[in-house]
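Please open the model in your viewer and keep the sequence panel at hand.

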Amino acid sequence: MTLPVLYSFRRCPYAMRGRLAIAISGVEVEHREILLRDKPDAMLKASPKGTVPVVVPPDGPVIEE
């Protein structure tokens, strides 16, 4: 089973809220902590804006911010 991927930055308040909501909901994700000055290509391909949090499901629309 492929899990959705959550791209997050630990000090971003929006990403903190996203991680909290995911934890409370019980949804399993693959959490990938990023550095905003060195964003991974896979994240930028899914979300060209380059903002966090971003959830990339295995099938379906990308969820940004």
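Begin by selecting S8. Leaving aside its neighbours within four places in sequence, S8 is in contact with A15, R19, H31, R32, E33, I34 and V52, where contact means heavy atoms within 4.5 Å. S8 belongs to strand β1, residues 5-8. Helices (H or I, at least four residues) and strands (E, at least two) are DSSP runs, numbered from the N terminus.

Before going further, please note how the model is to be read. This is a predicted model, in which local features need pLDDT of at least 70 and side-chain atom pairs count only at pLDDT 80 or more, while totals for chains, interfaces and linings use all residues. Residues are numbered from 1 along each chain as its sequence is written, and side-chain values use heavy atoms, with hydrogens and water left out.

Is S8 buried or exposed? S8 is buried, at a relative accessible area of 0%; buried means under 20% relative accessible area, exposed over 50%, and partly exposed in between (1.4 Å probe, protein chains only). Now show the side chain of R19: a polar contact of 2.6 Å links it to the side chain of S8. A polar contact is a pair of N or O atoms within 3.5 Å; within protein, one must be able to donate a hydrogen and the other to accept it, and residues adjacent in sequence count only if both atoms are side-chain atoms.

Next, select I34, in the loop between β2 (30-33) and α2. I34 and S8 are 26 residues apart along the chain, and their C-alpha atoms are separated by 6.0 Å. I34 has a relative accessibility of 6% and therefore counts as buried. Beyond its neighbours within four places in sequence, I34 is in contact with residues including Y7, F9, K39, P40, M43 and V52.

In soluble globular proteins, nonpolar side chains tend to be buried together.

Apart from neighbours within four places in sequence, V52 is in contact with Y7, S8, F9, C12, Y14, A15, I34, L36, M43 and E65. Then step to P53, found in the loop between α2 and β3. The peptide bond joining V52 and P53 is cis, with omega about 0 degrees. Most peptide bonds are trans.

In that loop, between α2 (41-46) and β3 (54-56), select S47. S47 is buried, at 0% relative accessibility. Which side chain does the side chain of S47 join in a polar contact? The partner is E64, at 2.3 Å. Leaving aside neighbours within four places in sequence, S47 is in contact with V54 and E64.

Turn now to R32 and E30. Their side chains meet in a salt bridge of 2.9 Å, N to O, and the structure holds one salt bridge. The term denotes a side-chain nitrogen of Lys or Arg within 4 Å of a carboxyl oxygen of Asp or Glu. Both ends are partly exposed: R32 has a relative accessible area of 33%, and E30 has 35% relative accessibility.

D59 is exposed, with a relative accessible area of 64%. D59 and R32 are 27 residues apart in sequence and 18 Å apart in space, C-alpha to C-alpha.

Finally, zoom out to the whole chain. There are two helices and four strands, in the order β-α-β-α-β-β from the N terminus. The radius of gyration is 11 Å, close to the 11 Å that the globule rule gives for 65 residues, so the chain is as compact as a globular protein of that length; the radius is taken over C-alpha atoms, and the rule is 2.2 Å times the number of residues to the power 0.38. Along its principal axes, the C-alpha trace spans about 30 × 25 × 15 Å. Of the 65 residues, 28% count as buried.
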